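Subject: Handover of a structure and its side-chain contacts

Dear colleague,

Please find below the structure that I am handing over to you.

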Amino acid sequence: MGHTATMKHSVPRLDLFGWLGITIGVIMPVISALLYPVYMHQMQPAWAEWTRLMELPFVACELVIILVARGKGYRDVLIWRKLPRDVIVALGLLLAGLVVSSVFVSKNVAASVTFSIITLVHLRFCSAIFFMATKEETGETKPPIFHRFGGGLVAGLAVLAILTIWKFQLPPPEWTVLGGKIEWASALPGFINVRYFGSWTGAIATGLLVALLYGDPRRAGIYRRWYLLAAGLTFWSGTRAAALAMGAVTLITLISLRRLPSVEAVLRVGALSALAMLGAVVLAPSEEAFSLFARDNLGSADALTSGRLALWHATFARWLEAPLFGWGSGSTFWEVNVGWWHTQPHNTFLLFLVSWGIVGAAGALWLLGRAIISVHRSAMQDDSLRPVAGTLYALLSMSIFAGMLHYPRFVMLIMLCFGVLFAKTCNNSSGTMAN
């Protein structure tokens, strides 16, 4: 009986960060995979495709978490009272851009208003996470935040790997698929396409990379296994933006800390990365979409960026026709056509400009820059927070080339990272948000 009691007591109890990791890393990706079992780039009926492109299940999850926070005492006014004046002004500019562009300018008011409301939900979600994280009880016996939170994300990667193997090994007859042909790049479980699958795994891999290079060596054993899985899936997906983000965040961390990682850590990470790359090459499909580099990519700068230069040029030109307030939230989808329609311009700055014009973009970019500056120093100095910042910075780095600040799945993770870092920063500086 005594042995049983000891075993029961030794089982770790999931706290706030553990549950958030499981929810975002496991539960929501599985729900998305079940709701959208596609084998090509769209699904029918049209309304279902819209919910998929807007990733409404993830927005619903944010709303549920906000309700949980309200049950614990969260109120918007509690956060509002702590905001510095410049943040309030920036929020006002963003709100003006959201309302004017979506209600008075957009050619698809219903879609733009929905996207604008989703943007506000993201901000409230971040505030709710901040509130709950500041109330969380701390103790010396608890594992680091990233260990509790990252464990759920990595468990989700294992589940996604299993679901991917299942989908790829047991596909339906092609004649039953919409369009009559399987598009393997779009067959990933619950993701728009393989690039966003790789962006998700790459963000988690980057957090683990930072933990291995600059973290507590006592936890390196479990982190190495986690990194091998996350990096392997990232390289398997052929997502160049994720690979670039891993390098960029490593450089940011090195410059911020002003010290090199240990030789042992570098050698271990190098060996793990090589092993992950080898496994990815062996197991990747023969489809070009799964290659980090293809011979055709070297034909021109536009080919090297997978057509992004043409898209960026067209988006910028369209914004110039409505520079003050843009064309409405989500308007890239119906305003910019470069041979085919894109849901977003694959660049955060252009996304803000074409959606909300100079007015809304100024507010959004100020908030984003202010948030990074507010958390950067404390995040880099804390071993338990540094991997969280690594995951956050990876997503923000990739947003220069992809839709990390458009799709709710990624915005949700970005806001969660910010909320956690805000809370810990404030706790470390006597509870003031201004610093």
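The notes below describe the core, the salt bridges and the aromatic rings.

This is a predicted model, in which local features need pLDDT of at least 70 and side-chain atom pairs count only at pLDDT 80 or more, while totals for chains, interfaces and linings use all residues. Residues are numbered from 1 along each chain as its sequence is written, and side-chain values use heavy atoms, with hydrogens and water left out.

The core

In soluble globular proteins, nonpolar side chains tend to be buried together. A nonpolar core here is a set of buried Ala, Val, Leu, Ile, Met, Phe, Trp, Tyr and Cys residues joined through side-chain atoms within 4.5 Å. Buried means under 20% relative accessible area, exposed means over 50%, and partly exposed lies in between (1.4 Å probe, protein chains only). The largest such core has 122 residues, and those with the most contacts inside it are Trp200, Leu208, Tyr227, Met398 and Phe418. Leaving aside neighbours within four places in sequence, the contacts of tyrosine 227 (heavy atoms within 4.5 Å) include Leu208, Leu212, Met246 and Val269.

Salt bridges

Side chains of opposite charge can pair when their charged atoms come close. The structure holds 10 salt bridges, each being a side-chain nitrogen of Lys or Arg within 4 Å of a carboxyl oxygen of Asp or Glu. In one of them, aspartate 15 pairs with arginine 148, and their closest N and O atoms are 2.2 Å apart. Aspartate 15 lies in the loop between α1 (2–10) and α2 (16–35) and arginine 148 in helix α8 (residues 145–169), so this bridge ties together parts 133 residues apart in sequence. Helices (H or I, at least four residues) and strands (E, at least two) are DSSP runs, numbered from the N terminus. Both aspartate 15 and arginine 148 are buried.

Aspartate 86 and arginine 370 also meet in a salt bridge, at 2.8 Å from N to O. Aspartate 86 belongs to helix α6 (residues 85–105) and arginine 370 to helix α16 (residues 348–381), 284 residues apart. Aspartate 86 is partly exposed, with a relative accessible area of 25%, and arginine 370 is partly exposed at 21%. Elsewhere, salt bridges link Lys107, Arg318, Glu321 and Glu335 in a network.

Aromatic rings

There are 18 aromatic pairs in the structure. Rings of Phe, Tyr and Trp (its six-membered ring) pair if their centres lie within 6.5 Å; planes under 30 degrees apart count as stacked, over 60 as edge-to-face and the rest as tilted. Tyrosine 196 and phenylalanine 410 form a tilted pair, 5.9 Å from centre to centre with 55 degrees between the planes. Tyrosine 196 lies in helix α9 (residues 194–214) and phenylalanine 410 in helix α18, so the pair joins parts 214 residues apart in sequence. Tryptophan 200 and phenylalanine 410 form an edge-to-face pair, with 5.9 Å between centres and 65 degrees between planes. Tryptophan 200 is buried, at 1% relative accessibility.

One aromatic cluster is formed by Tyr39, Phe168, Trp184, Phe191, Phe197, Trp236 and Phe290. The charged end of lysine 167 sits over the ring of tyrosine 39, 4.5 Å from its centre (NZ of Lys or CZ of Arg within 6 Å of the ring centre and within 35 degrees of the ring normal). Arginine 318 lies over the face of tryptophan 327, at 3.9 Å from the ring centre.

Yours sincerely
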